Amino acid sequence: MKILITGSGGQLAQEFLKVLPAAGHEVIAPAEQSLDISDRAVVRQTVAASGPDLVLNCAAYNNVDKAEKDDADAAYRVNALGPKNLAAACREYDALMVHYSSDYVFDGLKEDLYAEDDATVPINNYGETKRAGEIFVMEEAAEYLIFRLSWVFGEGRQNFLFKLLEWAKKKRVLKIVSDQVSVPTYTEDIARATMSAVDKDLRGLYHLTNSGYASRYEVARYFLEKAGAENIVLPVTSDLFPSPARRPYFSAMSNSKLASALGYKLPDWKNAVDRHVEKNRNSIKGG
């Protein structure tokens, strides 16, 4: 296939850029500066010129706190208007659109794993923009896949595990919140599941996460132990770190619908962390 990737500098796009060419696909991944997805004319021109069979929208505004107030407009342009523009261009030029959303479309009050048909009630502006993006894709695209992700980590710097290593270098004792619970999800598994879904001609909305669930505190302890760090990790509540944006308490999602459609169980989050550490052993343990 010919595949257009947006947000080429991000950790998910970088994963696709490693695996797709090796699988024989032709990949077009413009620099983020030259493909502003919030610019409808630029998007239309890019899709028209590249003629992709598939568009992977890996572009996103992910700074949850700045999206609350300081960069609210930027978050809406990238997370809502951007997907709308891409979906319209995909419909016009007959391409399948894959869009990535977030567990932050939920309020975290269900006290069970979220299913795809559960009501969306975002409690911060970031979640509002991600939900708006979903709706626009459903309205504009003729053929689409929407995957809700959570706590994505990979080989980039914009993820919780990388930040943990940086904190661990500076402080022996780390205080990590224990009242935010979701599912760490590995870019390697996102890329595999995405392409499997495309190969199986799936359409619609799915939750794409690793299996299981954990608090930020549990993830931190597990990862740092695997990374060979000897830090003390203490559980604290979110009240200790006041922030502009509220976070949901339990936003973990069930991946059973996708697993059933794909015909395989998505790996547990601990297995994903193990593979990430092994794959990046030198840089992680060297740090």
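These are my notebook entries on a few spots I looked up in this structure.

**Before starting**
I kept in mind that this is a predicted model.

**Entry 1: a helix pair**
I began with helix α6, residues 160-170, and helix α8, residues 216-226. I found that their axes come within 11 Å and cross at roughly 65°. That angle makes α6 roughly perpendicular to α8, since the range for that word runs from 65 to 115 degrees. I also noted the hand of the crossing: α6 passes α8 in a right-handed way.

**Entry 2: along α8**
Which residues of α8 are buried? I listed Arg-216, Tyr-217, Val-219, Ala-220, Tyr-222, Phe-223 and Leu-224. Going on past the helix, I came to Gly-228, which follows α8 and has a positive phi, near 85°.

Next I looked at residues other than glycine, keeping a general rule in mind: most of them have a negative phi. Asp-94 is not a glycine, yet its phi is positive at about 60°. I traced Asp-94 to the loop between α4 (72-92) and β4 (96-102). Is Asp-94 buried or exposed? Its relative accessibility is 67%, so I wrote down Asp-94 as exposed, the cut-off being over 50%.

Glu-111 went on the page beside it, with a positive phi near 65° in a residue other than glycine. Where does Glu-111 sit? I found Glu-111 in the loop between β4 and α5 (125-140). With a relative accessibility of 70%, Glu-111 counts as exposed.

**Entry 3: a nonpolar patch**
Val-173, Ile-232 and Leu-234 make a nonpolar surface patch of about 210 Å². I followed up on one of these residues, Leu-234, and placed it in strand β12, residues 232-236.

My last stop was Glu-26, which lies in strand β2, residues 26-28. Glu-26 has 46% relative accessibility, so I put it down as partly exposed.

Methods
Residues are numbered from 1 along each chain as its sequence is written. This is a predicted model: local features need pLDDT of at least 70, side-chain atom pairs count only at pLDDT 80 or more; totals for chains, interfaces and linings use all residues. Side-chain values use heavy atoms; hydrogens and water are left out. Patches are made of residues with over 30% relative accessible area and no salt bridge: like charges are joined within 9 Å, nonpolar side chains (Val, Leu, Ile, Met, Phe, Trp, Tyr) within 5 Å. Accessible areas come from the Shrake-Rupley method with a 1.4 Å probe; for residues, only the protein chains shown count as cover. A salt bridge is a side-chain nitrogen of Lys or Arg within 4 Å of a carboxyl oxygen of Asp or Glu. Helices (H or I, at least four residues) and strands (E, at least two) are DSSP runs, numbered from the N terminus. Axes are lines fitted to C-alpha atoms, for helices over the stretch in contact, and angles run from 0 to 180 degrees between N-to-C directions. Angles under 35 degrees count as roughly parallel, over 145 as roughly antiparallel, 65 to 115 as roughly perpendicular and the rest as oblique. A crossing is left-handed if the near helix is turned anticlockwise from the far one by less than a right angle, and right-handed if clockwise. Buried means under 20% relative accessible area, exposed over 50%, partly exposed in between (1.4 Å probe, protein chains only).
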